[in-house]
Amino acid sequence: MRELFDEVAGQSPLDPEEAVRRTTRGPQRKRFYAQADVAETPDGLAITLDGKPVRTPSGRPLVAPTRDIADGIVAEWNAQAENIDPLTMPLTRFANTVGEAVVDRVDAVAEDVAKYLGSDLLFYRAGHPEALVAREAASWDPVLFWAADTLGAHFILAEGIVHVRQPDSAIAAARAALPADPWSIAALHVVTTLTGSALLALALKQGVLDADQVWAAALVDEDWNSEKWGVDAEVAARRAARLVDFKAAAKVLKSLTAASAGM
């Protein structure tokens with residue numbers, strides 16, 4: 001089980017793209033269980049295989065904070081065919097990440113997210129052509145206006161890629177909006193690293209944008225280049241792999257938000 005979980009989780013749990021790369025190496029393992037299920041335990045909603053609790057490589061029980069997330073993890077295990085394909089198990093990999101790399105270091109993960117606030121994707125704008133400038137503004141400006149009006153975080157925009165130092169007060173204001181629970185901050189970390197924007201991640205968590213809007217906003221420049229020069233097969237494959245983990249993180253945030261609202 002431990003070797004299997006190492007493969008399912010990847011060895012760099014805070015980097016979803018690296019986790020995906022690692023899970024593609026080596027042969028897949030045979031399915032060794034008949035049924036996955038959820039069991040209520042003092043630790044939370046535990047995932048079981050044939051009635052036995054699943055544990056992370058360090059021995060912690062694999063538990064989920066909401067029934068919706070637990071059911072999603074169980075569905076991944078039950079959907080496996082003759083061989084177990086880790087690429088089809090993003091919620092399982094995410095849950096293992098939380099237990100192994102986030103629970104005991106929430107502040108460190110939050111700081112890693114906060115680093116993006118100094119050089120967020122949304123700050124750096126194209127100078128031309130006008131159509132791309134307009135597309136970036138339409139997708140990104142509403143998030144910046146929200147950050148300023150709601151969070152009190154007033155950031156500086158720049159043209160091109162020359163670094164612009166952001167006000168400490170703006171970074172601190174946005175940093176204060178980061179959640180303190182391990183599942184939420186882990187989800188924000190995944191969204192941030194996949195999109196290049198902590199502000200988009202916060203906008204998703206706060207319901208300012210939905211998952212589809214965040215994903216589209218993160219890919220404005222990439223989509224523009226594809227429209228002009230065509231789709232590169234390798235880039236498209238990486239994008240599809242990133243989207244799998246993005247959707248899992250977005251599902252976690254949506255479930256946690258609904259649970260906190262009593263829905």
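These are my notebook entries on a predicted model of one protein chain.

**Basis.** I worked with a predicted model in which local features need pLDDT of at least 70 and side-chain atom pairs count only at pLDDT 80 or more, while totals for chains, interfaces and linings use all residues. I number residues from 1 along each chain as its sequence is written, and side-chain values use heavy atoms, with hydrogens and water left out.

**Overall.** I found 12 helices and 8 strands in the protein chain, taking both as DSSP runs numbered from the N terminus (helices H or I, at least four residues; strands E, at least two). Of its 263 residues, 45% count as buried, where buried means under 20% relative accessible area with a 1.4 Å probe, protein chains only. Among contacts (heavy atoms within 4.5 Å), I noted that 65% of those with a separation of 6 or more join residues 24 or more positions apart.

**Helix H6.** I looked up H6 (residues 130–151), whose 22 residues reach 30 Å from first C-alpha to last, close to the 32 Å expected at 1.5 Å a residue; the expected span is 1.5 Å times one less than the number of residues. A kink of about 40° lies at tryptophan 140, shortly before proline 142, the bend being the angle between axes fitted to the seven residues ending there and the seven starting there. Trp140 is itself among the buried residues of H6, which also include Leu132, Glu136, Asp141 and Leu151. The cover over the buried residues of H6 includes strand S7 (124–125), helix H7 (168–175), H9, H10 and helix H11 (220–229). Just after H6, I noted a positive phi of about 75° at glycine 152.

**Largest pocket.** I recorded about 270 Å³ of space in the largest pocket. A pocket here is an open set of points on a 1 Å grid over the protein atoms alone, where a 1.4 Å probe fits and protein lies on both sides within 12 Å along at least five of seven lines; lining residues have an atom within 4 Å of a point. Of the 16 lining residues, Leu204, Asp210, Ala211, Ala250 and Lys254 are the closest to the centre. Helices H9 (198–205), H10 (211–218) and H12 (233–260) each give two or more residues to the lining, and H12 gives the largest share, 8 residues.

**Serine 184.** Which helix holds serine 184? I placed serine 184 in helix H8 (residues 182–195), and found it buried, with a relative accessible area of 5%. Not counting residues up to four places away in sequence, serine 184 touches Pro179, Lys205, Leu253 and Leu256.

Key: Grid points are joined across faces, edges and corners, and a volume is the space filled by probe spheres set on the points. Buried means under 20% relative accessible area, exposed over 50%, partly exposed in between (1.4 Å probe, protein chains only).
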